[in-house]
Amino acid sequence: MPCRGHVTTAMELLQDSIPMVSLAVAAAALYARASSSLLRPGLPRLIALLPLFPFLVAAPLAFPSSAIVRGLAAFFLAWLCTFKLALLAVGRGPLDPALPVLPFLFTALLPVKIARASKAKPVSLVSCAVKVAIIAAVVRLYQFNDRLHIYARLALYGVHTYCFLDLLLPCIAAATAALGMEAEPQFNRPYLASSLRDFWGRRWNLMVSAILRPSVYDPVRAVAGIPAAVLATFAVSALMHEAMVYYLSLQWRSNGVMAAFFLLHGVCCVVEGWCARRWAASGWPAPPRAVATVLVGLFVTATSFWLFFPALCKDGVEEKLLQEWAAVAAFFQDAGGKIPWYGQLSS
């Protein structure tokens with residue numbers, strides 16, 4: 001069967017170093033909790049936590065055979081977890097040594113923030129099913145990638161990225177809810193954003209916003225004002241996204257395109273805020289929300305096609321990711337074929 005090789009590859013991905021790394025990072029998080037409960041915020045706590053930072057940065061490299069797993073591990077550990085521990089060292093952020101063990105582990109190692117009030121929304125099974133169906137359709141279309149126009153391919157990557165993240169993160173939140181914890185939502189219908197500030201600050205990947213705000217935005221704002229804080233936040237995000245590209249490709253040959261995407265959006269957010277204030281001061285009516293939403297969507301899409309996705313389509317990353325998604329799809333298809341009713345439906 002032609003998909004057998006893909007299935008074998010998928011099984012290899014599932015049998016990678018995930019259990020070993022999971023145990024190691026859980027032990028690191030427990031050490032962070034124990035040491036932080038004994039040491040006050042500041043230099044003593046920072047010194048105790050310092051050995052964890054290089055470990056978390058190196059941990060995603062334990063998955064050399066899978067760009068998908070390596071990229072997720074880099075996002076969870078090398079970015080979010082290191083920032084959370086840095087905030088913990090100064091007594092800020094979502095981590096608190098007073099948290100029970102399980103909530104502390106979930107908050108430290110996963111892209112979740114435990115809600116202090118009841119903010120969690122139940123995961124919609126219909127929404128999840130729709131996103132799974134869309135991902136399956138997109139993966140099937142990848143077979144014709146060589147015949148698709150470049151913009152059609154990039155549109156598929158954009159749809160895939162959003163559906164995958166908006167499926168993965170709520171499922172993680174649902175797992176926390178099953179254990180008696182409530183996690184704050186990670187996406188808030190970004191396709192309805194009425195401004196770039198609305199898109200980045202209140203709708204898209206809210207866990208990143210929740211980490212960058214206390215670690216970068218608030219300190220810079222206190223010293224240099226809002227525009228400098230916005231630019232500094234997007235600059236740090238640009239650097240971290242460049243690092244994520246390295247984890248995906250394992251080649252450090254950046255041309256700065258990914259960083260340019262976030263720096264451009266940072267500048268545009270500052271300009272947008274200035275224009276909004278001038279517009280309001282002039283007493284002019286606000287533009288219709290529908291028009292603003294369309295303009296924001298067009299700008300995000302156009303700049304993503306221009307800068308964001310091309311940064312992911314070099315150094316063999318595109319081919320590697322397509323192969324892995326094909327392997328995952330073949331694995332589930334092969335597994336489903338062993339179920340009698342599924343096999344009859346697919347035949």
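Trainee: Where is Leu250 found?
Mentor: Leu250 sits in the loop between helix H11 (226–249) and helix H12 (257–281); helices here are DSSP runs of H or I with at least four residues, numbered from the N terminus. This is a predicted model, where local features need pLDDT of at least 70 and side-chain atom pairs count only at pLDDT 80 or more, while totals for chains, interfaces and linings use all residues. Residues are numbered from 1 along each chain as its sequence is written, and side-chain values use heavy atoms, with hydrogens and water left out.

Trainee: What is phi for Leu250?
Mentor: Most residues other than glycine have a negative phi. Leu250, though not a glycine, has a positive phi near 60 degrees.

Trainee: Which loop holds Asn205?
Mentor: The one between helix H9 (196–202) and helix H10 (206–224). Asn205 isn't a glycine either, and its phi is positive, about 45 degrees.

Trainee: Why does Asn205 count as buried?
Mentor: Buried means under 20% relative accessible area, exposed over 50%, and partly exposed in between (1.4 Å probe, protein chains only). Asn205 counts as buried because its relative accessibility is 12%, whereas Leu250, at 36%, counts as partly exposed.

Trainee: What does the side chain of Ser36 reach?
Mentor: The backbone oxygen of Ala32, at 2.7 Å. Ser36 belongs to helix H2 (residues 18–38) and is buried, with a relative accessible area of 2%. Beyond its neighbours within four places in sequence, Ser36 is in contact (heavy atoms within 4.5 Å) with Arg45, Leu49, Leu88 and Pro97.

Note on methods: Helix = DSSP H or I, 4+ residues; strand = E, 2+ residues; numbered from the N terminus. Polar contact = N/O pair within 3.5 Å; in protein donor to acceptor, adjacent residues only side chain to side chain.
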